[in-house]
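Please look over the sequence and the 3D structure shown here before reading the notes below them. The notes are meant to be read slowly, with the structure open beside the text.

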Amino acid sequence: MEIIESLKELLGWDDPPAIPLDQRRRNAKASIEAWLRTQTTTQYGLPPDRFAERLRTLVDSPHELRQGQYGWCLPTAFLQSVLRRFPDLVAQFGLDLYATGEGSLGDIEVTLTDAFRAFDYPGFIRSDAALPQRNRDLYLASHADWILLGAVQDATTLYPMTGSPRDPVSFSTSTLADLFEDCGLYEDVTTLSSTDKRSRQKLIEALEKSRTQDILLVGEMTRFGVDATIRHAVRLVAPPTFTAPSGGGTPTDQEAMTFQFWSWGFQPSAAEGLPFDAAQNAFTHSLTRRQFAALEIIVAEPKPI
């Protein structure tokens, strides 16, 4: 893709109009159907027809992408954002990974290890006695998601690809920003500075971009209403609403920010204090503006391609 961009600049070509999202989805599903007619060998312990079925679901409903049992919220936040914008590219990425163990997502090239390809994911999930039956069923149904996310995770080298999912993991915001920059599908990727986050006007201007761009939040996030001490990466669904502190007057750092974020792709069995939008697999949470400013914020502007 970098070579193509260089040629266009050299020859003075303008970018072609962006492909409409509906057309991208149609292209993705056409590629899946053509692939399914030729792919007959089962890989990863997942039959081709089931892989294709799940891929079709993700093309139409990217909010259903599931992180699963592994601590892969960073690649999940990235891949779900790209899946919403470029479903045809993600679908081809998945088809190539399944068939050959190699794939490209924009400029990111991945070759899955033999150990990953041979890993008995269904057997591992079924043998985990600590998993509730509901979780086990959801993880098995999102076997294809595990393959896609494992490939993106491989590009970050942050977390074990197989084995125990309960090992602690930490990551930096720059790693997530690097994924958006390295894939070559985004015009600009910005991490908001502390000064911009503390400026009410600059913060609002940045978060308003979630209507057309991808806004990622990284920090200690509440998952299903419990355990706010774990570091997560999530996508902002829509611009937040602001509520002045009781008593009125000029908004302060204690001004409440109510925001909706997508993460993990699972509908909780109980709300446990966080309102949940099932249509978007999104949670609603409130923080003071000071608390929100403590989160790392990435703004990624997709290219019109």
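What follows is a short briefing, arranged by topic, on features that can be located in the structure.

The model is a predicted one. Its protein chain has 13 helices and 10 strands, and of the 305 residues in that chain, 49% count as buried. Among the contacts between residues at least 6 apart in sequence, 69% join residues that are at least 24 apart.

**Strand β4 and its partners**

- Strand β4 covers residues 214-220, and because six of its seven residues are buried, the strand is largely enclosed by the rest of the structure.
- One partner of β4 is β10, to which β4 is joined by five bridges, with the two strands running antiparallel; within this pairing, L217 stands opposite I297 in β10.
- Another partner is strand β5, made of residues 231-236, which is also antiparallel to β4 and is joined to β4 by five bridges; here V218 stands opposite A233 in β5.

- The loop between α12 and β4 contains S210, a residue that is buried because its relative accessible area is 6%, which is under the 20% cut-off.
- The C-alpha atom of S210 is separated by 5.6 Å from that of A238, although the two residues are 28 residues apart along the chain.
- If the neighbours within four places in sequence are left aside, S210 is in contact with I215, L236, V237, A238 and P239.

**The second largest pocket**

- The second largest pocket holds about 170 Å³ of space, and its lining is made up of D188, T190, L192, D196, K202, E205, A206, K209, Q213, V299 and E301.
- Two or more residues of this lining come from each of the elements β3 (186-191), α12 (200-208) and β10 (296-302), and the largest share, three residues, is given by α12.

**The cavity**

- The general idea behind a search for such spaces is that rolling a probe the size of a water molecule over the atoms shows where empty space is left.
- In this structure there is one cavity of 30 Å³ or more, and the volume of the largest cavity is about 30 Å³.
- The residues that line the largest cavity are R66, Q67, G68, Q69, Y121, S142, D145 and W146, and this lining divides into four polar, two nonpolar and two charged residues.

**Residues with a positive phi**

- Y44, which is not a glycine, has a positive phi near 60°, and its place is in the loop between α2 (21-36) and α3 (48-60).
- The relative accessible area of Y44 is 4%, and because this is under 20%, Y44 counts as buried.
- N281 is likewise not a glycine and has a positive phi of about 50°; this residue lies in the loop between β8 (276-277) and β9 (282-288).
- With a relative accessibility of 7%, N281 also falls under 20% and therefore counts as buried.
- G184, which follows α10, has a positive phi as well, near 75°.

**Helix α10 and the cysteines**

- Helix α10 spans residues 173-182, and its buried residues are T173, T175, L176, A177, L179 and F180.
- C183 has a relative accessible area of 0% and is therefore buried, while C73, at 5% relative accessibility, counts as buried too.
- How many disulfides does the structure hold? The structure holds zero disulfides.

Terms used: Residues are numbered from 1 along each chain as its sequence is written. This is a predicted model: local features need pLDDT of at least 70, side-chain atom pairs count only at pLDDT 80 or more; totals for chains, interfaces and linings use all residues. Side-chain values use heavy atoms; hydrogens and water are left out. On a 1 Å grid over the protein atoms alone, a cavity is a set of points where a 1.4 Å probe fits but cannot get out, and a pocket is an open set with protein on both sides within 12 Å along at least five of seven lines; lining residues have an atom within 4 Å of a point. Grid points are joined across faces, edges and corners, and a volume is the space filled by probe spheres set on the points. Helices (H or I, at least four residues) and strands (E, at least two) are DSSP runs, numbered from the N terminus. A disulfide is a pair of cysteine sulfur atoms within 2.5 Å. Buried means under 20% relative accessible area, exposed over 50%, partly exposed in between (1.4 Å probe, protein chains only). Two strands pair if DSSP finds at least two bridges between them. Contact means heavy atoms within 4.5 Å. Ala, Val, Leu, Ile, Met, Phe, Trp, Tyr, Cys and Pro count as nonpolar, Asp, Glu, Lys and Arg as charged, and the others, Gly among them, as polar.
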